[in-house]
Amino acid sequence: STDGGKLTREEALFTNQKLGQIRSLPRGAAFESPVAKDTDYADGRVAAETILRLRAAKTRRAKDDTPFFITAGFVRPHLPFSAPKKYWDLHDPTKLPQPMNENPPQGAPAVAVKKGGEITAYKPVPVTGKISDKLKQTLIHGYYASTSFVDAQIGKVLQELKRLELHDNTIIVLWGDHGFHLGDLGIWTKHTNYEQANRIPILVVAPGVTTAGDSTGQLAETVDIFPTLADLAGLPAPRGPQSIDGISLVPVLKDASARVRDHAFHAYPRKTLGRAIRTERYRLVEWRNPGQPVSAAQYELYDYQQDPNETRNHAGQQPEVVKQLAAKLAKYPEAVRRGKRRPK
């Protein structure tokens with residue numbers, strides 16, 4: 001949707017145009033459900049192009065045994081929730097899960113709580129004020145439709161991999177770059193340090209290593225994918241001019257009960273930098289800017305065993321857990337302010 005051919009906020013952001021004027025540009029549509037072919041959308045064309053490259057890779061392998069590496073990036077279910085009507089028709093909007101808790105956690109620092117943001121760049125979402133129940137239902141419907149659409153595109157690629165008889169010696173990794181709030185905690189989209197924005201899928205198929213249907217509670221980070229792939233491919237552990245923070249997950253892929261780390265680290269800056277440690281039970285978020293003393297930090301603690309929906313900040317009630325997790329967090333390098341570099 002281009003609002004009559006005008007440059008929208010979304011298009012400007014994705015094409016690096018008029019970035020200083022974003023808020024003055026018209027808003028595009030948050031969702032659409034036209035009768036359309038999959039390839040009318042970019043994700044359908046990405047799947048089609050990936051299939052062409054797989055066929056070319058198969059030809060090279062047959063000719064001189066050249067290995068291949070393909071990265072296929074899909075946008076959906078990112079906003080806008082635009083997908084062919086047939087994927088919307090797969091879901092009854094009245095039966096889709098609605099947010100259970102639309103209030104921010106009790107006792108959370110103000111800096112942690114997000115209001116508005118990316119979702120307001122699309123119409124008919126109100127720029128200020130609450131989203132109506134009907135619009136919530138439509139947005140959630142659009143998210144599910146978009147997920148089904150991209151799922152179908154991934155399925156086409158995997159079917160072609162099997163048709164080409166490459167599935168028995170090809171490593172497949174499927175992952176997402178972030179989670180997505182759908183009204184939970186009163187938040188939409190991402191850009192938080194809460195569970196819904198940071199929990200992502202990581203699925204690995206490695207013939208001869210992984211077992212179909214296995215799953216694990218191992219905490220992982222996307223930086224682990226690089227060393228894991230190198231390990232699976234029989235390559236040396238990655239080295240570079242910068243630090244390689246990831247850990248190979250191959251021991252866990254071989255044995256789902258194995259553990260290679262006891263926590264995951266993540267960070268998201270708002271007006272203050274929020275750095276976090278996630279263990280199997282807890283998440284600790286420290287809000288503190290680089291250079292500030294630790295005594296100035298504000299903390300959030302969430303206990304997913306007792307309070308899986310993050311209804312309140314438990315930091316005041318569990319100081320020993322805060323102390324333990326803060327010690328883990330303190331082992332990570334201090335963040336560097338924008339424009340500055342660490343001494344060599």
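These legends describe close-up views of a predicted model of one protein chain.

**View 1**
Of contacts between residues at least 6 apart in sequence, 62% join residues at least 24 apart.

Buried residues account for 41% of the 344 residues. The chain exposes about 19,900 Å². Carbon and sulfur atoms supply 53% of that area. There are 49 positive and 37 negative side chains. The centres of these two sets lie 6 Å apart.

**View 1. Helix α2, residues 42-64.**
This helix has 23 residues. From first C-alpha to last, α2 reaches 33 Å, close to the 33 Å expected at 1.5 Å a residue. The buried residues in α2 are D43, G44, A47, T50, I51, L54 and A57. An α-helix has 3.6 residues a turn, so residues three or four places apart point the same way. The cover over the buried residues of α2 includes α4 (133-163). Just after α2, D65 takes a positive phi of about 60°.

**View 2. E160 in helix α4.**
Is E160 buried or exposed? E160 has a relative accessible area of 7%. The cut-off for buried is under 20%, so E160 counts as buried. Beyond residues up to four places away in sequence, E160 touches I51 and R55. I51 is one of the buried residues of α2. I172 lies twelve residues from E160 in sequence. In space, E160 and I172 are 13 Å apart, C-alpha to C-alpha.

**View 3. K190 in the loop between β7 (188-189) and α5 (195-198).**
K190 is buried, with a relative accessible area of 11%. Which residues are in contact with K190, leaving aside neighbours within four places in sequence? They are H78, K114, E118, H178, G179, H181 and A197.

Note on methods: Residues numbered from 1 in each chain as written. Predicted model: local features only at pLDDT ≥ 70, side-chain atom pairs only at ≥ 80, totals over all residues. Heavy atoms only, no water. Buried < 20%, exposed > 50% of the residue type's maximum accessible area, 1.4 Å probe, protein only. Contact = heavy atoms within 4.5 Å. Areas by Shrake-Rupley, 256 points an atom, 1.4 Å probe, with all protein chains shown as cover. Lys, Arg positive; Asp, Glu negative; His and termini not counted. Charge placed at Lys NZ, Arg CZ, Asp CG, Glu CD. Helix = DSSP H or I, 4+ residues; strand = E, 2+ residues; numbered from the N terminus. Expected span 1.5 Å × (residues − 1).
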